[in-house]
Amino acid sequence: MTETNIEGLVRSLVTPLLEHPDALTITKSEDDRFQRYVVDVHPQDVGRLIGRQGHIASALRMVVEGARPRRSNSKKVRLLINDHRH
C-alpha cells in the first residue's frame, strides 16, 4: 500500500467516528525510520477517536501499521492523534 493509500485508509477509518468530519486534517511527516500520520480533529471528537481506555486508537494504529508494505526498506508507520482537550 502506498503512502497516499495509507492516508486514504486513515481518512476512511476515522471519518465515520466523527461528529465534525469537516475538521479532520491528516499531516504526514517522516524521518529515516518512520512515517508519521498526525490526525487533528475537532476537540469534541477527540474522545470518540481515542475511545475508552484507548481501545479505538489502539485498533486504528494496528490496522494502519498492518497496511504498510513489508519490503526491507519500508519505513514503519505511526498514527498519532493530537489531543486538544487539555
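Trainee: Buried means under 20% relative accessible area, exposed over 50%, and partly exposed in between, with a 1.4 Å probe and protein chains only. So is Arg68 buried or exposed?

Mentor: Arg68 counts as buried, because its relative accessibility is 15%. Keep in mind that this is a predicted model: local features need pLDDT of at least 70, side-chain atom pairs count only at pLDDT 80 or more, and totals for chains, interfaces and linings use all residues. Residues are numbered from 1 along each chain as its sequence is written, and side-chain values use heavy atoms, leaving out hydrogens and water.

Trainee: Where is Arg68 placed?

Mentor: In the loop between helix 3 and strand 3. Helices (H or I, at least four residues) and strands (E, at least two) are DSSP runs, numbered from the N terminus.

Trainee: With which side chain does Arg68 make a polar contact?

Mentor: The side chain of Glu65, at 2.7 Å. A polar contact is a pair of N or O atoms within 3.5 Å; within protein, one must be able to donate a hydrogen and the other to accept it, and residues adjacent in sequence count only if both atoms are side-chain atoms.

Trainee: And what does Arg68 touch, not counting residues up to four places away in sequence?

Mentor: Ile6, Ser74, Lys75, Lys76 and Val77. Contact means heavy atoms within 4.5 Å.

Trainee: What about Arg70, buried or exposed?

Mentor: Arg70 counts as exposed, because its relative accessibility is 56%. Arg70 also sits in the loop between helix 3 (55-66) and strand 3 (76-81).

Trainee: How many bridges join strand 1 to strand 2?

Mentor: Six, and the two strands run antiparallel. Ile26 has Val39 in strand 2 as its bridge partner.

Trainee: Last topic. How many residues are in the largest nonpolar core?

Mentor: 17, and those with the most contacts inside it include Leu24, Val39 and Leu79. A nonpolar core is a set of buried Ala, Val, Leu, Ile, Met, Phe, Trp, Tyr and Cys residues joined through side-chain atoms within 4.5 Å. Elements giving two or more residues to this core include helix 1 (3-14) and helix 2 (46-50).

Trainee: Which residues does Leu24 touch?

Mentor: Among them are Val14, Leu18, Val39 and Val41, with residues up to four places away in sequence not counted.

How values were computed
Two strands pair if DSSP finds at least two bridges between them.
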